[in-house]
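Me: Please take a close look at one part of this model, the surroundings of the ligand, and then follow the chain into the sheet.

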Amino acid sequence: MTTNETLARNDVAYQFHSYTNAPRLREEGPCIMARGNGIHVYDTEGKEYIEGMSGLWSVAVGFSEPRLAEAARRQMECLPFYHTFSQKSNVPSIELAEKLIGLTGGRMAQAFFTNSGSEANDTIVKMVWYYNNALGRPAKKKIIARKRGYHGVTVASASLTGLEGNHRSFDLPLPQIRHARCPHWYREGLPGETETAFADRLAAELEALILEEGPDTVAAFIGEPVMGAGGVVVPPATYWPKMQAVCRKYDVLVIADEVITGFGRTGKMFASELYGIEPDFMTLSKQLTSSYLPLAAVLMNERVASVLARHSGELGTFGHGYTASGHPVAAAVALENIRVIEERGLVANAAAAGAVLQRRLRELADHPLVGEVRGVGLIAAVELVADKAARTPFDPLGKAGAQVVRRAQDNGLILRGIQDSLAFCPPLIITEPQVETLADRFAQSLEEAA
Ligand code: PLP
């Protein structure tokens with residue numbers, strides 16, 4: 001048996017995989033990656049792929065950036081671990097918190113660190129509840145999320161997630177969570193409705209939901225500025241300002257989950273800037289360290305931070321925190337990663353290379369299989385349909401998308417099929433000629449699968 005066959009056999013035998021159909025894995029085996037360089041990854045047989053999804057929407061600076069490895073090594077040799085409990089701290093976590101607050105232009109006031117985006121959103125749910133208890137409003141606890149939104153997989157964050165697969169058979173969502181309509185005009189817009197009218201309708205629906213539940217019971221609204229795992233949904237331009245105005249009217253906190261959109265993905269440092277969102281909480285992860293190490297951050301504004309701080313004094317402590325909150329090695333890698341993003345102008349590159357990606361994908365809009373092409377900056381999706389005029393999805397849903405993903409993988413391009421939407425989210429270092437190659441490989445794969 002070759003080394004590869006042994007690895008594949010052991011993977012199937014000993015590892016329970018995330019988001020995987022276990023019998024299919026047993027039948028077809030895994031694709032095992034051995035190394036990465038720049039925008040490319042290489043499997044154990046040496047085949048090269050363009051990582052069109054940056055791993056999991058996350059490797060901003062590309063694979064195997066030596067500056068991040070060096071930052072980790074330096075911190076490991078100096079102080080490999082220290083925590084942030086009980087008035088202790090460590091230097092990289094302080095520097096990173098200061099840096100993140102600076103990047104928001106001071107709109108946010110403080111950072112709390114976790115290991116994953118799920119834990120960060122879970123933490124925000126607890127902070128929202130703590131906040132309203134501190135203000136003497138124990139009934140104000142419901143959180144409105146959105147259908148097709150993705151916020152993670154812990155009990156609370158999976159409840160926020162608006163995807164059936166994260167609830168079914170897990171006894172979720174929690175009773176405090178509601179889900180509003182997804183802002184996907186192509187799928188949810190009424191015949192003849194403009195994008196602006198669609199956004200107005202969604203804001204009216206949010207207001208109706210808050211009134212139906214009772215404003216005294218609704219604590220927060222959470223959304224990704226651009227939805228990622230739900231199929232890359234770019235909302236109408238007026239959607240966020242309208243939704244935010246409704247939230248403000250009823251004293252409902254606004255949570256911007258920028259786990260995918262943060263650090264340049266849309267051509268701005270944060271997508272909140274793109275849409276005029278002024279969040280009370282922000283969730284950051286993934287491109288924060290380019291996922292070289294697990295790290296996420298909850299940012300909160302002064303209004304929230306001051307209440308949480310006061311209440312911790314009243315209760316004697318803020319009874320929440322992870323062993324690895326503010327892990328110094330992860331924080332040092334995040335700081336170096338942000339320096340690389342800034343020094344190499346990767347936010348501007350996301351805008352420039354992103355324009356090429358958006359143009360090339362839109363050239364496929366007339367293809368008989370293509371229902372919609374959507375995206376902004378270096379995040380995009382192409383949705384396949386069985387009937388273009390009627391926008392009819394394929395039956396079974398996801399089969400056509402899976403075929404294109406397989407063809408693309410054979411052609412050296414890794415994509416993600418979200419039902420029949422093909423998602424694109426390449427590393428922010430991608431050059432314009434590399435975007436052309438990526439688009440050529442996709443167009444060829446689409447033709448082969450058609
Ligand atoms: N929020 C968003 C917007 C995400 O895309 C993700 C992961 O894809 C999460 C939260 C959860 O992050 P993690 O997988 O690190 O728990």
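Reply: Helix α6 (residues 117–134) supplies the largest share of the shell around the ligand, 3 residues. Helices (H or I, at least four residues) and strands (E, at least two) are DSSP runs, numbered from the N terminus. This is a predicted model, in which local features need pLDDT of at least 70, side-chain atom pairs count only at pLDDT 80 or more, and totals for chains, interfaces and linings use all residues. Residues are numbered from 1 along each chain as its sequence is written.

The ligand is surrounded by 14 residues, the closest being Ser116, Gly117, Ser118, Gly152 and Val259; a residue is near a molecule if its C-beta atom, placed from the backbone, lies within 6 Å of it. The shell holds 4 nonpolar, 8 polar and 2 charged residues, where Ala, Val, Leu, Ile, Met, Phe, Trp, Tyr, Cys and Pro count as nonpolar, Asp, Glu, Lys and Arg as charged, and the others, Gly among them, as polar.

Now the sheet. It is open, with 7 strands in the order β4-β10-β9-β8-β7-β5-β6 and mixed pairing; two strands pair if DSSP finds at least two bridges between them. β4 and β6 (177–180) are the edge strands, each pairing on one side only. Strand β4 (residues 110–114) runs antiparallel to β10, joined to it by 5 bridges, and Phe112 stands opposite Val298 in β10. Strand β9 (residues 281–284) also pairs with β10 in the antiparallel sense, over 4 bridges. There, Leu284 has Ala297 of β10 as its bridge partner.
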